[in-house]
Amino acid sequence: MIVDKLYESVAKKGVVCVGLDTDLSYVPDFLKRQAGSAGEAVFLFNKKLIDATEDVAGCYKVQIAYYESLGLEGLRAYQKTLAYLREKSLVCIADIKRGDIAKTAEMYAKGHFEGDFEADFVTLAPYMGMDSVTPYLPYVKEKEKGLFILVRTSNPGSRDFQYLETERKMPLYDVVGTAVQQVGKAYLGQCGFSSVGAVIGGTTGEEAESIRALLDSTFFLIPGYGAQGGKAEDIAKYLVNGNGGVVNSSRAVLLAYRKSGAPEVDFAQEARKEVLRMRKEIENACEALRASRCSGK
């Protein structure tokens with residue numbers, strides 16, 4: 001199961017998921033001049049960041065919208081980025097948030113688990129129901145692929161619908177999470193987690209323990225750390241002994257070089273420093289949480 005590869009990568013390299021949500025404006029001017037085209041500039045930027053962080057990042061998430069915005073040129077950069085990650089045997093998540101049913105979902109699955117845009121995991125939106133997930137499951141079973149299904153997200157608008165109380169006497173996000181966990185039981189890896197995972201926003205720690213207890217075999221993709229307000233001590237509660245999830249960071253890593261103010265700063269090395277800083281902060285929070293639980297506090 002692909003979740004075992006991800007679990008082992010986190011155990012070895014840490015929980016940071018580098019979000020390659022690469023806007024052209026993030027790319028230094030010298031690299032744009034060197035590349036000669038917008039798409040190639042984005043790819044070269046990604047490539048250098050991957051090379052600088054591959055030994056300290058658990059995985060990479062590539063958000064397709066940034067590439068679609070550049071048209072065909074951008075999609076070529078998207079394809080080349082995914083291909084480069086696979087070439088280096090790094091776990092890659094295609095953040096596509098698809099949500100449709102029947103033949104349309106089959107085509108989305110084929111388009112993002114095969115061919116030019118092949119990735120290890122994709123993100124899905126389950127609003128249409130669990131039959132919008134079913135067409136992807138043959139790839140999970142037979143092709144070593146995985147899913148991250150939106151359960152409780154990190155944006156302020158998540159409270160518009162996800163927190164609504166249902167007739168089951170639980171919020172809607174728990175209903176969705178329970179369905180995800182139930183489906184995922186058929187795709188458990190040796191690590192004890194499923195290749196059918198969940199997107200769980202880490203902007204608050206209030207519900208962390210109840211969510212983790214309910215979804216005990218579900219691997220989490222956790223956005224919301226840092227700029228969106230998620231703190232390391234909150235994030236630690238969604239993990240299981242420092243694993244069982246990856247914590248995404250995009251702009252904080254991609255734009256780390258701008259904090260120095262130096263005109264010729266090595267942007268890739270600054271990204272690496274940010275990944276290491278973030279990884280250490282979360283590791284310390286996990287250790288503090290373990291110590292607190294052991295002491296009974």
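The points below are meant for a reader who is meeting this structure for the first time.

1. Before anything else, please keep in mind that this is a predicted model, and that the distances and accessibilities quoted here are computed from it.

2. With a relative accessible area of 5%, Val199 is buried, because buried means under 20%. Leaving aside neighbours within four places in sequence, Val199 is in contact with Phe148, Ile149, Leu150, Val151 and Arg152, and also with Leu221 and Pro223. The C-alpha atom of Val199 is separated by 6.6 Å from that of Thr153, although these two residues are 46 residues apart along the chain.

3. Turning to charged side chains, the structure holds 19 salt bridges. As background, side chains of opposite charge can pair when their charged atoms come close. Three of these pairs are taken up in the next points.

4. Within helix H3, which spans residues 38-53, Lys47 and Asp51 lie four residues apart, about one turn of the helix, and their side chains meet in a salt bridge with an N to O distance of 3.8 Å. Lys47 is partly exposed, with a relative accessible area of 28%, and Asp51 is likewise partly exposed, at 32%.

5. The closest N and O atoms of Glu274 and Arg277 are 2.9 Å apart. Glu274 counts as buried at 8% relative accessibility, whereas Arg277, at 38%, counts as partly exposed.

6. The pair formed by Asp95 and Lys61 joins two strands, and the side chains of these residues meet in a salt bridge at 2.9 Å, N to O. Asp95 lies in strand E3 (residues 92-98) and Lys61 in strand E2 (residues 59-63), so the pair ties together parts that are 34 residues apart in sequence. Are these two residues buried or exposed? Both Asp95 and Lys61 are buried.

Technical notes:
Residues numbered from 1 in each chain as written. Predicted model: local features only at pLDDT ≥ 70, side-chain atom pairs only at ≥ 80, totals over all residues. Heavy atoms only, no water. Buried < 20%, exposed > 50% of the residue type's maximum accessible area, 1.4 Å probe, protein only. Contact = heavy atoms within 4.5 Å. Salt bridge = Lys/Arg side-chain N within 4 Å of Asp/Glu carboxyl O.
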